[in-house]
Amino acid sequence: SKKDLSDLEFVCDLGIEWLGLSFVQRAKDVKEAKKIVRGRAAILSKIEKPSAVDAFEEILEETDAVMVARGDLGVELPIETLPPIQKRLVRQCRHSGKPVIVATQMMESMINSPVPTRAEVSDVAQAIYEGADAVMLSAESAVGNYPVEAVKTMNSIATEVEKEKTYRQVIESSRTPLKGDVSDAITVAAREVAETTNIKVICCFTETGTTASLTSRERPKVPIIALTPKITIARKLTLNWGLHCIITEELTRFKMAVVNAAKAARMYGFAKNNDKIIVIAGVPFNVSGTTNILRVAPTKSINDNTKDKIVNIKEDLPPMAKVELIDEPFVDVYPDKEEITGSIKNIGTKRADFVRVIVNLWSPETNLIKRDSVFISGKNVKNYSGIKSDATLEPGSSTKFKIVLTPVSYTHLTLPTN
C-alpha cells in the first residue's frame, strides 16, 4: 500500500541497519523490498508462513538474515512440526553464513512471573545448541512485568550453554560441506589453525561484512574481532554470533592491517604482548569479495600504558632509500606530551629526499579517525603539512626530528627499514 511505502521510506531515512520484513512468502517479496530500500538497510525476513518454509532456500538466497517466528508458524502448521522446521532453518542459515534469530514465546511465562518454566529454559538452550546467532524476547520485554529479569535469564542461559563441552560437540558435528570458494577456505582455515595452535583471537578485516559473517559461521573457540572502516557495517555485524566490532581506518596495505589488528587485540584485552593472533583480509583492500590472505602474527609491539587510543602509521619512502629510527624501534607520546622527538638515519646508498609520515589518530569516543600528514626532512628539520621538503638526508647521515601534535592521549611512530 502507499502507507507501507511511506513508512518504509521514513524508517530507511532514519539510518537503520536492519529492516524486518513480515509475512514473507516467496523470494520475490524480498527482492521487491530490496528495490525499495536501495541498500539503505539490510533485510531480515521473518519466516512465519507455511509458504515461506516451502520456499525457504530461494528466500535465503535473497535475504540478509532470517527470523524463525515460531508463534505464527505454530498457528498455521501442526505444532509437532515446529521443532524439526526450526532445526532445519537454523542449520541452512548457518551453512550460508547469514545470521538467524529464533523468536516468539521463548519465555512466555515471564510476562507475569519473575522466573521461567523449566521447559522454557530448555527451549532457549535448544536454540543455542542449534547454533542460532540470537534468541529474541517479544511480549516478555514489550509488555511483561519482568523485562529486565527476562533479559538476564535468557543471557545467562546462552552463556552457560556455550561453556558446555556438549555445545562444542553439537556445533562441530553440525557443520556442513562448504561451497568451495576462496573466502570459505580462508575462514575455515582460520578456525582450524586457531583451534590447533595457541591463538588468542581471530581478527578479520571486512568491507561489506561478508568475511566477518563467514568467520562467525565457523563458531571458533577463540574470540573474533571484526574490523571495518564503515560504522554502518560494524553496527549491522553485531547481530552475528561472537563478533566484536571495531571501527578502523581504510587500509591499502596488509602490513598495516596486521599492525591494526595487533593493537586492537591488545587494547581490548583479547591478547597480550607476545601472544599470537590470526589476521584475515582481502587484497586489494576496500573491494568486496576478495578475502584471500591469512597470517599468524605476534602481538608484541609497544608498551601500551593507555587503553583509550590507537594510532596507525603509514610510511612512504623514496625508492632505493632506507631510513630507520635509530633511538629505538618506536616512539611513544602520552597525555602529558604534544610532540614526538627522535633521530632517523639513512642506512642506504641513495639520498633520501624526504620521508613522509602519515599519523592516524583513532578516538573510541567518536569512532572517528583524524589523519595528520607531516614531513621529516634530512637537514632542515621542520614540520610540514602536505608540502614536500627540499632538504635531503645523505647516505650514512642522521638527524634529529620533532613532530608537533595536537593533544592526544596516545600515539605511536615507527619507520621500519624499507
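Student: How many residues of the lining of the largest pocket are nonpolar, polar and charged?

Tutor: Ala, Val, Leu, Ile, Met, Phe, Trp, Tyr, Cys and Pro count as nonpolar, Asp, Glu, Lys and Arg as charged, and the others, Gly among them, as polar. Here the lining divides into 13 nonpolar, 19 polar and 12 charged residues. The model is predicted: local features need pLDDT of at least 70 and side-chain atom pairs pLDDT 80 or more, while totals for chains, interfaces and linings use all residues. Residues are numbered from 1 along each chain, and side-chain values use heavy atoms, without hydrogens and water.

Student: Which residues lie nearest the centre of the largest pocket?

Tutor: On a 1 Å grid over the protein atoms alone, a pocket is an open set of points where a 1.4 Å probe fits, with protein on both sides within 12 Å along at least five of seven lines; lining residues have an atom within 4 Å of a point. Of the 44 lining residues, Gly209, Thr210, Thr211, Ser213 and Leu214 lie nearest the centre. Helix 12 gives the largest share of the lining, five residues; helices are DSSP runs of H or I, at least four residues, numbered from the N terminus.

Student: What aromatic pair does a search of the whole structure find?

Tutor: Rings of Phe, Tyr and Trp (its six-membered ring) pair if their centres lie within 6.5 Å; planes under 30 degrees apart count as stacked, over 60 as edge-to-face and the rest as tilted. The search finds one pair: tyrosine 129 and tyrosine 167, tilted, at 6.4 Å centre to centre and 45° between the planes. Tyrosine 129 lies in helix 7 and tyrosine 167 in helix 10, 38 residues apart.

Technical notes:
Helices (H or I, at least four residues) and strands (E, at least two) are DSSP runs, numbered from the N terminus.
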